[in-house]
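Here's a quick briefing to read with the model open beside you. Have a look at the fold before you go on.

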Amino acid sequence: MPLPDTMFCAQQIHIPPELPDILKQFTKAAIRTQPADVLQWSAGYFSALSRGDPLPVKDRIEMPVATQKTDTGLTQGLLKVLHKQCGHLEYVELNDLEKKWKNLCLPVEKFQALLQLDPCQDRIEWMKFLALGCSSLGGSLNTAMKHLCEILTTDPSGGPARIPFEIFAFVYRYLAGLDPSIHPSETTSYLADLKGCVESRKNGMVGISDFFIQKRTF
C-alpha cells in the first residue's frame, strides 16, 4: 500500500532568507551571459560563488559577431570574463584555465588550438593567453590590440579605452613575433613611434584612437 503524500503547511516550510536574492542574481547573470549550456555554466557559477571567486558572468549581453577566423564561440565578452577570473595571476595553470573555459561552454578543441599557437607545459603566462584569444577573434593585429584595450581598460564603456603603454607594447611584440610576415625591425619602429606620441602627452597610456582607424562603409 503506497504511503500517503506528506502534507506541509506554509508555516512548516523554511525558505532561507538569502535564497530569493541568490536566484534573482543567478537569473540576471544567465540572461546577460547567454550560456550555450545552462547546466554546465550553472555548475561553474555556483562553484565560483561558493568559493568567493569572480563569477563567469558577462558585463552585458553581446550581439552575435560573424567576423571570427574560426567558429570558436569565443567573444570579447567571454575573454573579459576569463580576465576577471585570471587577470590577477601572472601565470595560470592550464588545468584550471581549461575548467574555466569549459564553464563558459566553450569547446575544448578550440582551447587546445589556441595553445598550439604557442605551445607550453602545464601553465601559461596569462597575458599571452589573453593575447592569443584576442587574435583569434579575427581581423588584423591592430584589431586584436583593439580587443585587448577594450578588455583591459578602466575607462567607462564608450570611452578612449586606454591601457598602459608597457602592456600594449608587450602584447603587440608578442603577437607580432608569432607572425612570420612581420619583421622584428618593423615592430621596433612602430612601437618607438607610438611611444613618442604617448610620452608627448605625459600620461603613459595608449588608447584605441592612437593606433586603430575604423574603415568607413558606404
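This is a predicted model: local features need pLDDT of at least 70, side-chain atom pairs count only at pLDDT 80 or more; totals for chains, interfaces and linings use all residues.

Residues are numbered from 1 along each chain as its sequence is written, and side-chain values use heavy atoms, leaving out hydrogens and water. Helices (H or I, at least four residues) and strands (E, at least two) are DSSP runs, numbered from the N terminus. For burial, buried is under 20% relative accessible area, exposed is over 50%, and partly exposed is in between (1.4 Å probe, protein chains only).

**The nonpolar core**

- A nonpolar core here is a set of buried Ala, Val, Leu, Ile, Met, Phe, Trp, Tyr and Cys residues joined through side-chain atoms within 4.5 Å.
- The largest one has 48 residues, and Phe129, Leu130, Met145, Leu148 and Phe168 touch the most other members.
- Helices supplying at least two residues each to this core include helix 3 (76-86), helix 6 (126-136) and helix 9 (184-201).
- Helix 8 is the top contributor to this core, with eight residues.
- Methionine 145 is in contact (heavy atoms within 4.5 Å) with Phe168, Val171, Tyr172, Leu175 and Phe211, if you skip its neighbours within four places in sequence.

**Helix 3, mostly under cover**

- Eight of the 11 residues in helix 3 are buried, among them Leu78, Leu79, Val81 and His83.
- The cover over those buried residues includes strand 1 (91-93), helix 4, helix 6 and helix 7.

**A nonpolar patch on the surface**

- Patches take residues with over 30% relative accessible area and no salt bridge, joining like charges within 9 Å and nonpolar side chains (Val, Leu, Ile, Met, Phe, Trp, Tyr) within 5 Å.
- Ile13, Ile15, Leu19, Ile22, Leu23, Phe46 and Leu49 make up a nonpolar patch with about 570 Å² of accessible area together, worked out by the Shrake-Rupley method with a 1.4 Å probe, where for residues only the protein chains shown count as cover.
- Helix 1 gives the largest share of the patch, three residues.
- Isoleucine 13 sits in the segment before helix 1 and counts as exposed because its relative accessible area is 51%.

**Charged pairs**

- A salt bridge means a side-chain nitrogen of Lys or Arg within 4 Å of a carboxyl oxygen of Asp or Glu, and that rule gives 10 of them.
- Aspartate 59 pairs with lysine 84, with the closest N and O atoms 3.2 Å apart.
- That pair ties together distant parts of the chain, 25 residues apart: aspartate 59 is in the loop between helix 2 and helix 3, and lysine 84 is in helix 3.
- Asp59, Lys80 and Lys84 are linked in a salt-bridge network.
- Lysine 102 and glutamate 98 form a salt bridge at 3.6 Å, N to O, and both lie in helix 4, four residues apart, about one turn of the helix.
- Glutamate 98 counts as buried because its relative accessibility is 17%, whereas lysine 102 is partly exposed at 36%.

**Aspartate 155**

- Aspartate 155 is in the loop between helix 7 (141-152) and strand 3 (163-164), and it counts as buried because its relative accessibility is 15%.
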